[in-house]
Amino acid sequence: MTGWGRFKGYNIASLRKDIISGTIVGVIAIPLGMAFAIASGVKPEYGIYTTIVAGILISLFGGSRFQIGGPTGAFIPILFAIAMQYGYENLLIAGMMAGVILVVMGALRLGVLIRFIPKPVTIGFTTGIAVIIFTGQIANFLGLRDMKRHESFVDNMKEIGAHLPTVNLYSILTAAVCLGVVVLGMRFAPKVPGSLIGLLCATVIAALFFSGKVTTIGSAYGDIPNTLPSFHFPVITWEKIKLLIRPAFIIAMLGAIESLLSAVVADGMAGTRHDSNRELIGQGVANIAAPLFGGIPATGAIARTATNIRSGAASPLSGVIHGVVVFLILLLFAPYASSIPLAAMAPILMVVAWNMSERKEFLHLLKLKTGDSLVLVITFLLTVFADLTVAVEVGLVLAVILFVKRMGEVHRVSKVLPDPSSVKVEAHMVTESHDCPQIGIYNVEGPLFFGAAYRFDHTMPELGPDRPKLILLRMGKVPLMDTTGEANLAALVKQLDGIGGKLLISGIQSQPLELLKRTGLYDRIGAAQFYDHTGEAINDALSSVNPGRCRGCAHMAFRECSALCRPDEAGSRSGAFKGHAPVAARKLSEGI
């Protein structure tokens with residue numbers, strides 16, 4: 001649900017939840033905003049300005065109910081390279097241009113296209129970005145002096161090696177205190193903002209015992225002002241537009257990918273469904289406005305969005321409150337931020353890099369030893385040793401070549417195949433105007449791969465208390481499945497597990513079955529829930545439903561079954577029910 005409909009049924013209790021969650025996320029966002037700005041090669045206050053302006057606008061105009069926007073780690077390598085090559089003023093212009101591109105993409109309803117990027121490509125460049133962020137903080141962690149930052153990963157590693165003799169023991173101790181508090185907080189008190197507590201502890205210890213011996217924000221960047229900068233519209237010329245169009249496009253594409261990935265994560269956690277096109281428009285509006293106040297490019301922040309949901313957010317107002325909280329803290333405590341040691345910021349970004357690295361997914365895909373594994377490794381290596389743009393372009397080309405190869409193999413095996421360019425998912429059990437409350441049967445046709453994953457996800461029903469808890473997928477006409485399709489199937493299993501439901505699969509072919517076994521999803525679903533024929537699956541499904549809920553069901557089989565097998569007065573299931581299940585199953589089988 002999008003628009004003001006997201007506030008339907010809003011009340012005082014909802015407002016209380018939004019205030020609590022918004023405050024928690026706002027407190028967490030402050031050290032992250034400063035750290036991301038510093039790592040991107042700009043002053044720390046610009047990260048705070050981004051958190052305030054972009055954070056509020058993304059919540060107001062975006063298409064996800066619980067999205068929290070602001071500066072993110074994924075942008076660090078891109079923004080740093082742009083700032084180094086073109087300067088801060090041109091970085092702002094590139095950010096505004098990216099905002100315009102995002103708005104146009106949303107208006108043209110291109111949000112769905114972002115989902116066509118295969119999972120190995122997104123995991124590959126995300127892990128590569130995490131490596132760049134982590135290694136980029138080694139110098140601050142060790143307190144190395146006279147360091148010069150480079151765009152190249154190899155040059156940065158050489159720079160660190162050349163300056164190792166300048167290691168500052170006090171910086172290491174300061175960083176260790178912050179890291180220890182953050183890690184312990186994540187382990188024993190996950191609801192406590194560990195990054196902020198760690199930053200405060202490290203700052204106090206450095207001020208008391210290491211004063212003047214470690215580099216601080218104030219000594220490196222000057223004092224942080226306690227107000228928003230005045231409105232400033234940068235000078236935009238046609239020459240600058242031509243110069244910055246490529247960086248702007250990179251920012252827009254990465255921002256679109258990250259924001260929609262974050263929205264998908266939010267959907268999985270909260271059971272909602274976002275509007276991808278509206279989300280792109282909201283991201284575009286935020287990125288057009290933030291540079292007018294000195295802010296750097298922003299996108300949806302997965303970790304902060306997840307924290308927002310876990311903290312009990314009820315509506316987009318929590319994201320607005322998070323921006324207001326950051327602004328109030330800026331007004332009241334900005335002068336104290338100048339005393340924060342850079343060494344204390346380093347472990348916060350290192351933990352962010354560790355958490356965003358997708359290491360489990362990376363190893364999972366790597367162990368499969370398939371073509372997807374090759375795409376993953378090449379995308380990762382190019383992200384680290386070349387740049388993100390080249391990595392994504394090459395990764396996509398390899399994924400397409402791999403898909404064509406797979407389809408060629410399928411053609412050689414089968415004489416008659418469905419249209420490989422699309423997947424059809426059709427409900428056969430009930431009419432659109434009357435759903436069966438307990439069982440949903442879906443016929444899946446065509447290869448379930450990255451290009452068809454969106455249609456599969458979009459067609460599956462929203463699960464909830466009043467929705468079917470038994471889902472039967474007829475997959476006899478699915479000749480091919482890749483890891484992105486498997487991930488969509490795994491997401492459906494997770495949602496069903498969350499409501500005590502069950503997934504049944506009938507007629508699955510050899511390649512999809514083999515992939516499910518290799519990934520472990522086959523065992524997670526359960527071997528007993530795979531059937532050769534649909535009739536067998538329906539027969540078992542009917543033996544486990546509550547016939548009392550099927551009274552008045554639109555389907556004749558369920559009407560007959562519930563009429564003959566009503567529960568007794570105590571509400572227990574009738575003993576005759578199982579005897580009628582085959583009759584109902586036969587009728588259902590004949591109907592599909």
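Of the 592 residues of the chain, 51% count as buried in this structure, which is a predicted model. The secondary structure assigned to the chain amounts to 26 helices and seven strands. When contacts between residues at least 6 apart in sequence are considered, 82% of them join residues at least 24 apart.

Strand E5, covering residues 470-477, pairs with E4 in the parallel sense, and six bridges are found between them. Within this pairing, Ile-441 stands opposite Leu-472 of E5, and Glu-445 stands opposite Lys-477 of E5. Strand E5 also pairs with strand E6 (residues 502-506), again in the parallel sense, over five bridges; here Leu-473 stands opposite Ile-505 of E6.

Turning to the helices, two packed helices are described by the angle between their axes and the distance between the axes. For helix H9 (residues 169-188) and helix H16 (residues 342-356), the packing angle is about 40° and the axes lie 7 Å apart, which makes H9 oblique to H16. The crossing of this pair is right-handed. On the side of H9, the contact is made by Ser-171, Thr-174, Ala-175, Cys-178, Leu-179, Val-182 and Met-186, while H16 contributes Ala-343, Ala-344, Pro-347, Ile-348, Val-351 and Asn-355. Classified by residue type, the contact of H9 with H16 comprises 10 nonpolar and three polar residues, with no charged residues.

Helix H1 (residues 12-39) and helix H10 (residues 194-209) have axes that come within 8 Å and cross at roughly 55°, an angle that makes H1 oblique to H10. The crossing of H1 and H10 is left-handed, whereas that of H9 and H16 is right-handed. In the contact itself, Val-27, Ile-28 and Pro-31 of H1 meet Ser-195, Leu-196 and Leu-199 of H10. By class, this contact of H1 with H10 holds five nonpolar residues and one polar residue, and no charged residues.

The crossing of H21 and H22 is right-handed. Thr-483, Glu-486 and Leu-489 of H21 make the contact with Leu-515, Leu-516 and Thr-519 of H22. The class composition of the contact of H21 with H22 is three nonpolar, two polar and one charged residues.

Ala-266 is placed in helix H12, which comprises residues 238-270. With a relative accessible area of 1%, Ala-266 is buried, since a residue under 20% relative accessible area counts as buried. The C-alpha atom of Ala-266 is separated by 6.8 Å from that of Phe-66, although the two residues are 200 residues apart along the chain. When its neighbours within four places in sequence are left aside, Ala-266 is in contact with Ser-64, Gly-271, Thr-272, Thr-305 and Ile-309.

Gly-218, in turn, lies in helix H11, which is formed by residues 217-221. This glycine, Gly-218, has a relative accessible area of 22% and is partly exposed, whereas Ala-266 is buried. Between the C-alpha atoms of Gly-218 and Leu-342, which are 124 residues apart along the chain, the separation is 9.6 Å. Helix H16, to which residues 342-356 belong, packs with H9 at the angle of about 40° described above.

Note on methods
Residues numbered from 1 in each chain as written. Predicted model: local features only at pLDDT ≥ 70, side-chain atom pairs only at ≥ 80, totals over all residues. Heavy atoms only, no water. Left-handed = near helix turned anticlockwise from the far one by under 90°. Helix = DSSP H or I, 4+ residues; strand = E, 2+ residues; numbered from the N terminus. Contact = heavy atoms within 4.5 Å. Nonpolar A, V, L, I, M, F, W, Y, C, P; charged D, E, K, R; others polar. Pairing = 2+ DSSP bridges. Axes fitted to C-alpha atoms, helices over the stretch in contact; angles between N-to-C directions. Parallel < 35°, antiparallel > 145°, perpendicular 65-115°, else oblique. Buried < 20%, exposed > 50% of the residue type's maximum accessible area, 1.4 Å probe, protein only.
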